[in-house]
Amino acid sequence: TYFIGQPGLPKAANLNKKRFSFEGINSSGNHSKPSPLASCHRALGATFTNFAGCQMPLYYTSNIDELQSIRKHVGLFDLSYKVLLGFQGNGAERFLDLVLTEYIPQLDTGGSCRACILSPEGMIISDCILYRLASDYFIMELDPHNAQMAESWLRAVAAREVIIDLARPGVEVDKSCSITNLKTCSDPMIVLALQGPKSTATIRSLLNANKSRYILNNLSKGQITELSFAGFSGWIAHRGNTREAVGYEIFVPQSKAESLWNALMNVGFDHSLAPIGLSAAESLRIEAGLPLYGKELAGPYDISPMEAGFGSCIKLHKPFFVGRQYMLFHSPSRKIVRLRAEIDAANLTKLEPTIHNESGKIIGVTTSTASTSEQYYGLGLLDEHAFDKEKVFLSCNGAPLIPAEVVFIPYAAVIDA
């Protein structure tokens, strides 16, 4: 679908709208709270770490063992740190289409998409996954690091309190909706995830009705549906944050989460299911080439959505979305790529963040790194015009000594995850 001209957004009665202040908004605060599944993790011998204000399992056995479990069998993740926002009302579709980079009217009920939330200046506030559960009801899934900023911004836009277009400071959204933080309600909604080749078989073991099993078997990548399992209903989405072909996210009330976790652990015994900590999850993210806000998106290098691999979810053919004017004239000269190398343990601890070409010139920096045995995986930000080969060199002890293979990340790998 293509459009001509600007949309007829109404002019505000109050022309003295202020710019939204993004300063001093901290999502995690200074306190660390336990996961709602903390007792389950302790029973499994987890080692904990603080992540975005939550005490989460870092690992249960070891990073390598947990990675092998996911690749060969199935892994169970606690994603209760994710922030979920609900958008409801007749104006929800239109509102989200104005504040997100994706074309939301094209999203069918039961579908999902990745999108970016931009400021009027083109600053990336956050990326997100948006699920459409009904014609007038959506759920937005956010990583915790910038979720409070994103929520505050979206609420201010919905209330028509702030400038959304620098060139036309008097305009405002023509449709609004109710916004609910699903993590702060009386029975918060939380997320669990299953990843690995035996994920479908594990979930199917909890489904009694043949109809439910049929729905699960035919759930396409990116779709979400409501199923009844383990004695209660929940939403299940065919998505994942690893390179595995099969993966699911399950949305359940917190009051049912511990029962579901234990049920999955029990039925998963026959499928060699293993609980997975943050250490292995981060390694899988890097290996898959998925950007993370603050590292491969925004962060110290001010990486744009297009540079991070979100170009296909920025629909510039839309006549308006917040931040569109900046994106129209943004010509990225850098790219996030995946790096792979063979490195012995001695040199692994001596790696430096600079990336060099064959002549020794610095052409980029690493943004995330992970290793399994002597296999190194990394994500790096490279100058697109500084190299024309698939090999670069990592810096060790101040010299470009270690050759690394450059693996470009297709847009689909980022958007569909």
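These questions and answers cover salt bridges in a predicted model.

User: How many salt bridges does a search of the whole structure find?
Analyst: The criterion is a side-chain nitrogen of Lys or Arg within 4 Å of a carboxyl oxygen of Asp or Glu. Searched over the whole structure, the count is 18.

User: Arg-19 forms a salt bridge with which residue?
Analyst: The closest N and O atoms of the pair are 3.4 Å apart. Arg-19 lies in the segment before strand S1, and its partner sits in the loop between strand S6 and strand S7, so the pair ties together parts 102 residues apart in sequence.

User: Is Arg-19 buried or exposed?
Analyst: Exposed means over 50% relative accessible area. Arg-19 has 54%, so it counts as exposed.

User: How many residues apart in sequence are the parts that Arg-94 and Asp-174 tie together?
Analyst: The two residues form a salt bridge, with the closest N and O atoms 2.9 Å apart. Arg-94 lies in helix H3. Asp-174 lies in the loop between helix H4 and strand S9, so the sequence separation is 80 residues.

User: What is the relative accessible area of Asp-165?
Analyst: Asp-165 meets Arg-168 in a salt bridge at 2.9 Å, N to O. Arg-168 is partly exposed, at 23%. Buried means under 20%. Asp-165 is buried, with a relative accessible area of 10%.

User: Which residues do salt bridges that share partners join into one network?
Analyst: Shared partners link the bridges into one network. Its members are Glu-282, Arg-285, Lys-295 and Glu-296.

Note on methods. Residues are numbered from 1 along each chain as its sequence is written. This is a predicted model: local features need pLDDT of at least 70, side-chain atom pairs count only at pLDDT 80 or more; totals for chains, interfaces and linings use all residues. Side-chain values use heavy atoms; hydrogens and water are left out. Helices (H or I, at least four residues) and strands (E, at least two) are DSSP runs, numbered from the N terminus. Buried means under 20% relative accessible area, exposed over 50%, partly exposed in between (1.4 Å probe, protein chains only).
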